[in-house]
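Student: Hi! Could you walk me through this protein?
Tutor: Happy to, let's take a look together.

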Amino acid sequence: MAEIIEGIVTKSTGSWYAVLDAATGQTVRCRIRGVFRLRGSRTTNPVVVGDRVRAEVGDDEGDNVIVEIRPRTNYIIRRASNLSRESHIIAANIDTAYLVVTLDRPATSTEFIDRFLVTAEAYRIPVVILLNKVDLLADEGWPEAIDAFEQVYRSAGYEVLEVSARSGQGVDALRERMRGRTSLFSGHSGVGKSTLVNAIQPGLGLKTGAISDYHHKGKHTTTFSEIFPLTGGGLLIDTPGIKGFGLVDIAPEELARYFPDLFRRASECQYYNCTHTHEPNCAVMAAVACGEVAESRYVSYLKMLEDDDKDGKYRK
């Protein structure tokens, strides 16, 4: 007779799922029932890392089956590809998402950062931005660039922490704040995410990659999202490097709501349904013009409107 266990999905390869049994602390390999694939969802993965599940465990490994997914408190999702209508859920039930970014080798684009932040806002996930490899930015001009970057996102309402896996800067404080919580790490390939995870939890030995000298971009080293228990308590979700971040199920008229720095000023616009693109007496455009809202953030907003507004309603 099959035994019923409850646990959390710690790894997904698409066909097998590792489930950490909450009662025993043992990991069980499971498959999923086909019904999960037949519910009309446009996501590429019905069960994701971080899901809390119930599973039937039999005498043989092949008999282990996930039979129920508990309701998710939140999840981080992106469009599967530029040409796909399907979406891909990266992970679920996240307390804090840490977005690892770098200003050089490779430089993380502000549009990528802003798309990640918008999605996290839409799905109620707090984000902390980790500015990594700061030890490599001591040359003339870089301190000013760091200050400018931090000012943009702190003024928008986000916490920005300077860290370096190589020198250890900020690693101990980061490890402490993750204690007892479920933390997701995400970012472009090459930003040092895996190296940083190795520093936070010594002994993991995650594979790290070099930066391409030609393209100045990173190489993928993490293949699947995976959860690692932390020695001091808590869970760390390591994710593959992401090239782009397509928005999912965010209507153009709702987009500004997920830019906290824009939304704070939207109530002062002359029109309640202002799109902040061309209307007279728009408080958002006025804030951008006088430097109260970073121009880069506003440009990201306009690009997202253009990409996701299919009928051209919000274009000038």
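Tutor: Here is a short chat about this structure. It is a predicted model, where local features need pLDDT of at least 70, side-chain atom pairs count only at pLDDT 80 or more, and totals for chains, interfaces and linings use all residues. Residues are numbered from 1 along each chain as its sequence is written, and side-chain values use heavy atoms, with hydrogens and water left out.

Student: Which residues have the most contacts inside the largest nonpolar core?
Tutor: Ile76, Ile129, Phe149 and Leu184, in a core of 35 residues. Such a core is a set of buried Ala, Val, Leu, Ile, Met, Phe, Trp, Tyr and Cys residues joined through side-chain atoms within 4.5 Å. Elements that each supply at least two residues of this core include helix 1 (110–122) and strand 9 (127–131).

Student: New topic: where is threonine 239?
Tutor: Threonine 239 sits in the loop between strand 13 and helix 5 (260–266).

Student: Is threonine 239 buried or exposed?
Tutor: Threonine 239 is buried, because its relative accessible area is 1%.

Student: What does its side chain reach?
Tutor: The side chain of threonine 239 reaches the backbone oxygen of phenylalanine 185 at 2.6 Å.

How values were computed. Buried means under 20% relative accessible area, exposed over 50%, partly exposed in between (1.4 Å probe, protein chains only). Helices (H or I, at least four residues) and strands (E, at least two) are DSSP runs, numbered from the N terminus. A polar contact is a pair of N or O atoms within 3.5 Å; within protein, one must be able to donate a hydrogen and the other to accept it, and residues adjacent in sequence count only if both atoms are side-chain atoms.
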